[in-house]
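Trainee: I am new to this structure and would like a close look at a single part of it. Could you take me through that part slowly, and then show me what lies around it?

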Amino acid sequence: MKPIPPKQKASIHGQALEYIIAGQGSPTIVLVNGSGGPIEGWLRVLEPLSALGTVFAYNRPGLGGSGKPVVPQTGEVIVESLRALLLHANLPPPYLLVGHSLGGLAVNLFARTFPAEVSGVVLLDATAPEDVRVMAKHQNGFQRFAQRTLDTIFGKDEFGETEHVSRTVDLIQRAGPFPDVPLVVVTGGKPAMAWATPAQALAARAEHQRALAALSPQGKQLIASRSGHFPQLTEPEVVVEAVRLVNARQTLS
């Protein structure tokens, strides 16, 4: 396994952002982390994906060498900053977007807002807009206590993206339709925190994953049967296959 390529930095809209580029040629595969997920979380898929084209990954504000957020990290801010960073890195569209967890919301919004810039989408155990309301409704006492404890110890970042998820969901719901592009949804077969999550919430999330795959007429779902929330770490071959499928469909279209 090759080491992570040298990290580069850029100032985008007054915000310091760290990024890497691996591979070359088309497609340009853009990896969008989940909340709190650094570039290193993609280590096991970087090399095989770079054999398919150019791979771009970055640390959103507050992670790694990126600076703390200087403005509220709502969906439109995340998408616009990403677009500007890609152009700074001389990577013009179209993009094959890969979004993990909460990064799936950003990818969902990007695809709806700038459909001409998107050649295909892969969602990795991604947050669906409907998840936000359902999971909050079914959050148990232990989970609420744990969150309050963490907030007390580490403090809340009022500009952080998790504080503005509802705004991002609202933007997705008001944006245009999801584009008719190749789409693969990779769902972990072993849901994270299943032991502490009500059966109703698990069933709702499973339905939301199926609904994500139905966003595009070209959508399909793959189950990473041995994975929880991080298929890119536990079953990297499934993630690489999902990107291959999307790229192959885009090439044929």
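Mentor: Let us begin with a term that we shall need: a residue is called buried when its relative accessible area is under 20%, exposed when that area is over 50%, and partly exposed in between. What you see is a predicted model, and its chain holds 9 helices and 8 strands. Of the 253 residues of the chain, 49% count as buried. Among contacts between residues at least 6 apart in sequence, 77% join residues at least 24 apart.

S101 has a relative accessible area of 13%, and because buried means under 20%, S101 is buried. This residue sits in the loop between β5 and α3, and its phi is positive, at about 50°, although S101 is not a glycine. D125 also has a positive phi without being a glycine, in this case of about 40°. Its place is the loop between β6 (118-124) and α4 (129-138), and with a relative accessibility of 4% D125 counts as buried.

Now turn to R60 itself, which you will find in the loop between β4 (54-59) and α2 (75-88). Its relative accessible area is 5%, so R60 is buried. A polar atom of the R60 side chain lies 2.8 Å from the backbone oxygen of N33. Leaving aside residues up to four places away in sequence, R60 touches L17, V32, N33, G34, S35, S66, I78, G103 and E161.

S35 belongs to the loop between β3 and α1 (43-50), and its relative accessibility of 39% makes it partly exposed. Although S35 and R60 are 25 residues apart along the chain, their C-alpha atoms are separated by 8.7 Å. Again without residues up to four places away in sequence, S35 touches R60, L102, E161 and T162, and E161 is also among the residues that R60 touches.

The crossing in which α3 passes α6 is left-handed. On the side of α3, the residues that meet the partner helix are L105, N108, L109 and R112, while α6 brings V165, T168, V169, L171 and I172. The residues of this contact divide into 6 nonpolar, 2 polar and 1 charged.

The bond from S26 to P27 is cis, with omega near 5°, and P27 lies in the loop between β2 (15-22) and β3 (28-32). The bond from P93 to P94 is cis as well, with omega near 10°, and P94 lies in the loop between α2 and β5 (95-100).

Conventions: Residues numbered from 1 in each chain as written. Predicted model: local features only at pLDDT ≥ 70, side-chain atom pairs only at ≥ 80, totals over all residues. Heavy atoms only, no water. Helix = DSSP H or I, 4+ residues; strand = E, 2+ residues; numbered from the N terminus. Buried < 20%, exposed > 50% of the residue type's maximum accessible area, 1.4 Å probe, protein only. Polar contact = N/O pair within 3.5 Å; in protein donor to acceptor, adjacent residues only side chain to side chain. Contact = heavy atoms within 4.5 Å. Left-handed = near helix turned anticlockwise from the far one by under 90°. Nonpolar A, V, L, I, M, F, W, Y, C, P; charged D, E, K, R; others polar.
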